Amino acid sequence: MIRNLFVLFFLGISFPIIAQQAKLTIIVSGIMQEKGIMEAGIYHTPENFPQTGKQFRVKRIPVNTDTVTFTFTLPAEKDYAVAVYHDTNKNRECDKNFLGIPKEKFGFSNNVRPGWGPPSFEEAKFPLHKDTTIYIHLIKMFGN
């Protein structure tokens, strides 16, 4: 009897501690070259967005169609922002010109277009409460 009460008590306080999870699906379109790698980075803090190497989660998928789909399982009830880029030459970085402008196609959640620099976390963030699908269309500065 006491053992059963202990188990019920333990289970009762453990369930609220377990974080809810949600599936985030990211569908990336606007791919003009079916080669290279697409990288998607998930960010959950404004300080790191959109710095490569500072992502909360990251995945890389070979590009062999005109649309790439990523799936992440993340803690729910948080705000996230996503940055993607098409690494056509597979060098694991978004190549930039001498002014620091990306030469490879990229995109952000909410399809935010950058101005004089990357968008802020506030512009790109979205809440994740349940399984969600977002769509990102790649852009290229000074091009299509």
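E39, R60 and D87 are linked in a network of salt bridges, and I would like to open with that network. The model before you is a predicted one, so each value I quote is computed from it.

R60, at 23%, is partly exposed, because the limit for a buried residue is under 20%.

A search of the whole structure finds four salt bridges. Let me turn to those of K125. The side chain of K125 meets that of D79 in a salt bridge of 3.6 Å, N to O. This pair, too, links distant parts of the chain: D79 sits in strand β5, while K125 sits in the loop between α2 (121-124) and β7 (126-128), 46 residues apart. D79 counts as partly exposed, at 31% relative accessibility. K125 is likewise partly exposed, with a relative accessible area of 27%.

K125 also forms a salt bridge with E122, and here the closest N and O atoms are 3.1 Å apart. E122 is exposed, its relative accessible area being 52%.

Now to a lysine without such a partner. K105 is buried yet has no salt bridge. Which side chain of opposite charge is nearest to K105, and how far away is it? The answer is D66, at 11 Å. A salt bridge requires the nitrogen and the carboxyl oxygen to be within 4 Å, so D66 does not qualify as a partner. What the side chain of K105 does reach is the backbone oxygen of G30, at 2.7 Å. As for its place in the chain, K105 is found in the loop between β5 (78-87) and β6 (106-108).

Let me place these residues in the overall architecture. The chain contains two helices and eight strands. Their order along the sequence is α-β-β-β-β-β-β-α-β-β. Of the 144 residues in the chain, 39% are buried.

I come next to the open space in the model. Rolling a probe the size of a water molecule over the atoms shows where empty space is left. The largest pocket holds about 610 Å³ of space. Its lining comprises 26 residues, and those nearest the centre are K96, G100, P102, F108 and P118. Turning to the strands, β2 (37-43), β5 and β6 each supply at least two residues of the lining. The greatest contribution comes from β2, with four residues.

A cis peptide bond joins F49 and P50, with omega of about -15°. P50 lies in the loop between β2 and β3.

Which residues have a positive phi although they are not glycines? One of them is E77, with phi of about 65°. E77 lies in the loop between β4 (68-75) and β5, and at 54% relative accessibility it counts as exposed. Another is R92, whose phi is also about 65°. R92 lies in the loop between β5 and β6. R92 is classed as exposed because its relative accessibility is 57% and the limit for that class is over 50%.

To close, I return to two points. The network of salt bridges links E39, R60 and D87. K105, by contrast, is buried and has no salt bridge, and its side chain reaches the backbone oxygen of G30.

Technical notes
Residues numbered from 1 in each chain as written. Predicted model: local features only at pLDDT ≥ 70, side-chain atom pairs only at ≥ 80, totals over all residues. Heavy atoms only, no water. Buried < 20%, exposed > 50% of the residue type's maximum accessible area, 1.4 Å probe, protein only. Lys, Arg positive; Asp, Glu negative; His and termini not counted. Polar contact = N/O pair within 3.5 Å; in protein donor to acceptor, adjacent residues only side chain to side chain. 1 Å grid on protein atoms, 1.4 Å probe; cavity = no way out; pocket = protein on both sides within 12 Å on 5 of 7 lines; lining within 4 Å. Points joined across faces, edges and corners; volume = space filled by probe spheres on them.
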